[in-house]
Amino acid sequence: MSGTETAQKGAIGATEADIRKAEAVNELLVRPIGVLPQRPGDPVRPFAIGLFDEIRSLLKPGVGVTVLRRAVSAFVHGKRYYMASAQPGAMRHDIDGNPVEPLSDEDRSVAQRRLISLKSAKAEKAKPAPAPVPAPPPPPALSKAELIRASLLSRRREPTSAPR
């Protein structure tokens, strides 16, 4: 993915799938967080480094941290999140959705590589499965007479045992 490919996109809007993932995260918290999109078209915002610890502090009682980690992971490992992170000038955002710092070139590069990886995985899935190799036809069935003849012929070829 070249820089010009990402430079032309601008803000990355959330899809229905992104909203479902964001809602899954917010369901686990005592209050919704502003960094997550609320409806389709809202911008997908890269998280500030260490934001998970702040999100974890809002966890509802009785909800495990592992459940929250998986829900957040589903959001931040999505295609649109990587697209937003790969943009030139992309900013990291705090829990309320305010920009706090630009993404490093290295982080943007990682996001671009992950996007390429997702696209190639999708292309692999889209490839049609190779046609199954047909099984060779079974050998022709032998008649009972042919089976008897083959049995008798094989006995003739066997070495004879010592005379009695």
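**The aromatic cluster**

Guide: Phe-47, Phe-75 and Tyr-81 form one aromatic cluster. Please bear in mind that the model is predicted.

Visitor: How many aromatic pairs does the structure hold?

Guide: Two rings are counted as a pair if their centres lie within 6.5 Å. By this criterion, the number of aromatic pairs in the structure is 3.

Visitor: Is the pair of Phe-47 and Phe-75 stacked or edge-to-face?

Guide: A pair of aromatic rings is described by the distance of the centres and the angle of the planes. Planes under 30 degrees apart count as stacked. The ring centres of Phe-47 and Phe-75 are 6.0 Å apart and their planes lie at 20°, so this pair is stacked.

Visitor: How many residues apart are Phe-47 and Phe-75?

Guide: Phe-47 belongs to the loop between α2 (16–27) and α3 (51–56), while Phe-75 belongs to helix α4 (residues 65–76). The pair thus links distant parts of the chain, and the separation is 28 residues.

Visitor: Is Phe-75 buried or exposed?

Guide: Buried means under 20% relative accessible area. The relative accessible area of Phe-75 is 2%, so Phe-75 is buried.

Visitor: What is the geometry of the pair Phe-47 and Tyr-81?

Guide: Planes over 60 degrees apart count as edge-to-face. For Phe-47 and Tyr-81 the centres are 5.7 Å apart and the planes are at 85°, so the geometry is edge-to-face.

Visitor: Which parts of the chain does the pair of Phe-47 and Tyr-81 tie together?

Guide: Both residues are buried. The two parts are 34 residues apart in sequence. Because of where Phe-47 and Tyr-81 lie, the parts tied together are the loop between α2 and α3 and helix α5 (residues 79–86).

Conventions:
Residues are numbered from 1 along each chain as its sequence is written. This is a predicted model: local features need pLDDT of at least 70, side-chain atom pairs count only at pLDDT 80 or more; totals for chains, interfaces and linings use all residues. Side-chain values use heavy atoms; hydrogens and water are left out. Helices (H or I, at least four residues) and strands (E, at least two) are DSSP runs, numbered from the N terminus. Buried means under 20% relative accessible area, exposed over 50%, partly exposed in between (1.4 Å probe, protein chains only).
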